[in-house]
Amino acid sequence: MIIGNHLFDLEKKSYIMGILNVTPDSFSDGGKFQSVDVALAQAERMVKEGATIIDIGGESTRPGHEKISDDEEISRVVPVIEAVKKELDVAISLDTYKYPVAEAGIAAGADMINDIWGLKWDERLASLIARTGVACCLMHNRKKAEYEDFLQGFCEDMEETIALAMKAGISRDKIMLDPGVGFGKTFEHNLSIMKHLEIMQKFEYPFLLGTSRKSMIGNALSLPVDQREEGTVATTVIGRMKGASVFRVHDVEKNIRALRMADAILEAE
């Protein structure tokens, strides 16, 4: 898979996507990286630790988050995208589901759109991705965590997202999927999709796992958000063993070490 001018071997290797939230209210690190200089320094730190994709987000998507205007989101992400593009040799992902924000972000240099609604929020987004040729990560989500049969409903939802991508003409080699841990799911659903994560391989696309510091870990371990790194690392290793190839995390160094260990085991005879 090519993201920007970077080639990713998602069949054989694993990669880290570092999270860069330029928001005042993100659930884990809100307000830490709002200025361009501080955000760039954090991106540099993550790249030094081994991140090969930086995911820049301008609106918190935590449960109960407050929506902001497109213009405000654009004003947050565009200067950071431009700065990272200028200073670092790294693939840039833009975490948005909004057409105007994606359009502005791509113009500023974003190589990938990370859409938490799997092309279902704004019908124009799929055509924008197809037209510009950027990569995309398409996540499973629902407005309500209500399913007759969770795994069956999950698969049907993912098939709908893939159909939208195909209809818009997005190239197969520009798509990765995301099971959406923490989105449109109860605690039990989140544990279930982790347990059955190999189900993602049926879609025949590479997939990303994003569990970093999420409530699933907090609930399982009864820990606050700033004490969830070991739980995150555990899910990263499980995810790798079940076929995930990209891991969206806050703590790059710990997770990349765990991935290298998992890869060493997977590569053994």
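Residues are numbered from 1 along each chain as its sequence is written, and side-chain values use heavy atoms, with hydrogens and water left out. Because the model is predicted, local features need pLDDT of at least 70 and side-chain atom pairs count only at pLDDT 80 or more, whereas totals for chains, interfaces and linings use all residues.

The sheet is open and has 8 strands in the order β8-β7-β6-β5-β4-β3-β10-β9, with parallel pairing. Its edge strands are β8 (175-178) and β9 (208-209), each of which pairs on one side only. Strands here are DSSP runs of E with at least two residues, helices are runs of H or I with at least four residues, and both are numbered from the N terminus. Two strands pair if DSSP finds at least two bridges between them. In general, strands of a sheet pair through backbone hydrogen bonds, either parallel or antiparallel.

Strand β4 (residues 53-57) runs parallel to β5 and is joined to it by 5 bridges; I53 stands opposite A91 in β5. Strands β5 and β6 also run parallel, joined by 3 bridges, and D95 has N114 in β6 as its bridge partner. In a regular strand the side chains alternate between the two faces of the sheet. In β6, M112 and N114 point one way and I113 and D115 the other way, and all are buried (under 20% relative accessible area, with exposed over 50% and partly exposed in between, for a 1.4 Å probe and protein chains only).

The side chains of T96 and E73 are joined by a polar contact of 3.1 Å. Such a contact is a pair of N or O atoms within 3.5 Å; within protein, one must be able to donate a hydrogen and the other to accept it, and residues adjacent in sequence count only if both atoms are side-chain atoms. A polar atom of the T96 side chain also lies 3.3 Å from the backbone nitrogen of K98. Leaving aside neighbours within four places in sequence, T96 is in contact (heavy atoms within 4.5 Å) with E73, V101, A102, I113, N114, D115 and L125.

L119 lies between β6 and α4 (124-132), and its relative accessibility of 3% makes it buried. E204 lies between α6 (187-195) and β9 and is exposed, with a relative accessible area of 63%.

In helix α6, the residues H189, N190, S192, I193 and M194 are buried. The buried residues of α6 pack against α5 (150-168), β9, α7 (215-221) and α8.

Helix α8 (residues 229-241) in turn packs with helix α9 (residues 252-267) at an angle of about 30°, their axes being 9 Å apart. Helix α8 is therefore roughly parallel to α9, a term for angles under 35 degrees. Axes are lines fitted to C-alpha atoms, for helices over the stretch in contact, and angles run from 0 to 180 degrees between N-to-C directions. Residues making the contact include V233, V237 and M241 of α8 and A258, L259 and L266 of α9.

Notes. Angles under 35 degrees count as roughly parallel, over 145 as roughly antiparallel, 65 to 115 as roughly perpendicular and the rest as oblique.
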